[in-house]
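Student: Please take a close look at one part of this protein for me. I would like to hear about the nonpolar core and the aromatic rings around it.

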Amino acid sequence: MNYLDFVADTTKCPCSCGVYAKSVRKVGNSTVFMAADGDVDVLVVVGDTLGFEGEAKEGCLVAPLNHKNGNVLRSLFPFTAPAPVLSYPRTVGVGDRLGIATPGHIRVFEKYDALPILAQQSIRELNLTNRTYEDVLDAASFAVYREGFERGFGADGDHLKKAEDVAYALGLGFTMITLDCSEHIKGDGGSLSCPEMEERYLGKSFDVGEGLTITFTAEELAKIVYIYGEAIDFAVSIYEQFFADGTNRADFEISIDETATPTTPLQHFFVANELVRRGVKIATMAPRFCGEFQKGVDYIGDLAQFEVEMTAHAKIARHFGYKISVHSGSDKFSVFACVGEQTRGVFHVKTAGTNWLEAMRVVAECDPALYREIHKFALVAFHEAKKYYHVTTDLTKIADVDTLSDAELPALFTQNDARQLIHITYGLILNEKKFHDALYKLWRVHAEEYAKALESHIGRHLSTLGVAER
């Protein structure tokens with residue numbers, strides 16, 4: 001490919017010479033764009049190099065998509081840098097564990113009236129995929145540039161439990177921190193008397209509005225103080241260290257969802273009221289809802305109870321001025337309408353694993369032999385993977401792939417047990433070099449199929465949540 005010829009003749013079809021048409025931009029006397037260079041994408045700079053580093057070819061600079069060049073890109077083109085977006089009514093986190101999903105995600109958010117958190121990973125996911133927050137941020141930024149997506153996006157340091165991890169994410173420019181308080185939340189088997197809390201809460205009614213009034217008995221209060229007291233102290237300490245002085249312009253989410261027992265509306269109110277009283281400003285809170293939000297499958301539980309409690313949770317969130325955040329939101333289609341209605345279209349929903357499942361569905365469709373091999377590996381690796389995720393998968397309910405035709409393999413992704421098998425074994429699969437290399441090669445060839453799959457599947461999430469098209 002002669003990039004100079006392309007720049008000189010703007011009547012050329014960019015796609016015909018490997019250039020991504022939406023990426024072509026002028027900066028002073030330079031032209032910058034992205035192009036497919038064999039098995040990888042690159043940045044091409046014609047004219048002044050603008051601070052990018054790379055190799056001179058054909059009178060151009062061909063620059064790799066590394067972190068240094070990502071920083072230059074974000075400086076030159078601010079739309080490629082994440083921004084705090086949780087103040088927008090509808091936001092959706094779409095964790096991309098592979099670094100290749102953003103083009104498909106962008107198609108969704110070009111269509112629907114919601115803003116994305118395109119860079120969203122937990123430390124656990126980074127460890128399982130051997131990636132870094134630099135990798136996560138850069139993958140989103142380069143894809144945003146490639147697709148010319150200028151609506152804005154966020155970057156979430158998801159489920160962080162340590163101050164050093166919060167500092168790491170914020171130092172790179174992440175615009176959202178999800179503080180996972182689970183290690184500081186106790187089981188519900190104890191109680192703790194606290195005269196200060198008793199004076200503040202007992203014998204009083206708290207008018208949340210919309211017909212909801214909160215009152216505490218002495219027994220309820222002692223139990224709540226025991227369960228959440230240390231978690232509140234932890235959240236306050238992180239807020240004071242990183243957010244109170246305004247240095248970090250990032251959204252702050254409190255996650256109390258990674259627990260064995262649901263967060264009652266009474267508990268939700270107490271945690272929120274104490275955080276507000278102590279000066280903590282949050283954009284979102286993630287309670288542990290009733291029922292089960294297992295990975296990659298629909299809601300498991302009493303839908304009527306969920307609606308009653310979601311109604312109360314939404315009222316509490318509105319009272320304190322933040323959004324409800326729904327974690328493990330992948331594929332929870334049976335409750336999405338309720339979430340959208342009771343929050344009045346003001347919510348944050350997180351997905352992650354379903355994007356990986358769509359990638360593996362593409363594998364089953366395009367290379368059945370490779371999928372069969374990976375599926376059998378996952379069956380062996382499943383019990384190791386269960387250490388990291390709570391699922392109720394019954395492996396005996398999964399059809400033997402040797403009994404299925406190639407055409408029948410994609411249907412495995414409509415069966416909950418098979419979905420969870422592949423969902424939670426992603427790290428072990430990707431750490432097998434032969435699978436890793438074969439998968440990324442396939443996804444490169446079938447990038448359009450993957451983008452279309454995400455456009456359809458994540459689009460279904462937003463439409464079911466009641467998000468209007470733009």
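Predicted model: local features only at pLDDT ≥ 70, side-chain atom pairs only at ≥ 80, totals over all residues.

Tutor: The largest nonpolar core has 137 residues. Those that touch the most other members are Phe216, Phe252, Ile254, Phe306, Trp356, Met360 and Leu439. Helix H8 gives the most to this core, with 13 residues. As a general point, nonpolar side chains in soluble globular proteins tend to be buried together.

Now zoom in on Phe216. Its relative accessible area is 7%, so Phe216 is buried, the cut-off being under 20%. Leave out residues up to four places away in sequence, and Phe216 touches Tyr201, Leu202, Phe206, Leu221, Ile224, Leu266, Phe269 and Phe270. Several of these names return in one aromatic cluster, formed by Tyr201, Phe206, Phe216, Phe269, Phe270, Phe320 and Tyr322.

Next, the ring pairs. The structure holds 29 aromatic pairs. Take Tyr201 with Phe216. Their ring centres are 5.1 Å apart and their planes meet at 65°, so this pair is edge-to-face. Planes over 60 degrees apart count that way. Tyr201 lies in helix H7, residues 195-201. Phe216 lies in the loop between strand S11 (212-215) and helix H8 (218-242). The pair therefore ties together parts that are 15 residues apart in sequence. Tyr201 is buried too, because its relative accessible area is 0%.

For another pair, look at Tyr440 and Trp443. Here the ring centres are 5.4 Å apart and the planes are at 80°, so this pair is edge-to-face. Both residues lie in helix H16, residues 433-445. They are three residues apart, about one turn of the helix. Trp443 has 3% relative accessibility, so Trp443 counts as buried. Tyr440 has 25%, so Tyr440 counts as partly exposed.

Rings also meet charges. Arg146 lies over the face of Tyr20, 4.2 Å from the ring centre. The charged end of Arg460 sits over the ring of Phe333, at 3.6 Å from its centre.

His105 is in helix H3, residues 102-111. With 0% relative accessibility, His105 counts as buried. Setting aside neighbours within four places in sequence, His105 is in contact with Val94, Asp96, Leu118, Asn355, Leu454 and Ile458.

Terms used
Residues numbered from 1 in each chain as written. Heavy atoms only, no water. Phe/Tyr/Trp six-rings, centres within 6.5 Å; stacked < 30°, edge-to-face > 60°. Helix = DSSP H or I, 4+ residues; strand = E, 2+ residues; numbered from the N terminus. Buried < 20%, exposed > 50% of the residue type's maximum accessible area, 1.4 Å probe, protein only. Lys NZ or Arg CZ within 6 Å of the ring centre and 35° of its normal. Contact = heavy atoms within 4.5 Å. Core = buried A, V, L, I, M, F, W, Y, C linked by side-chain atoms within 4.5 Å.
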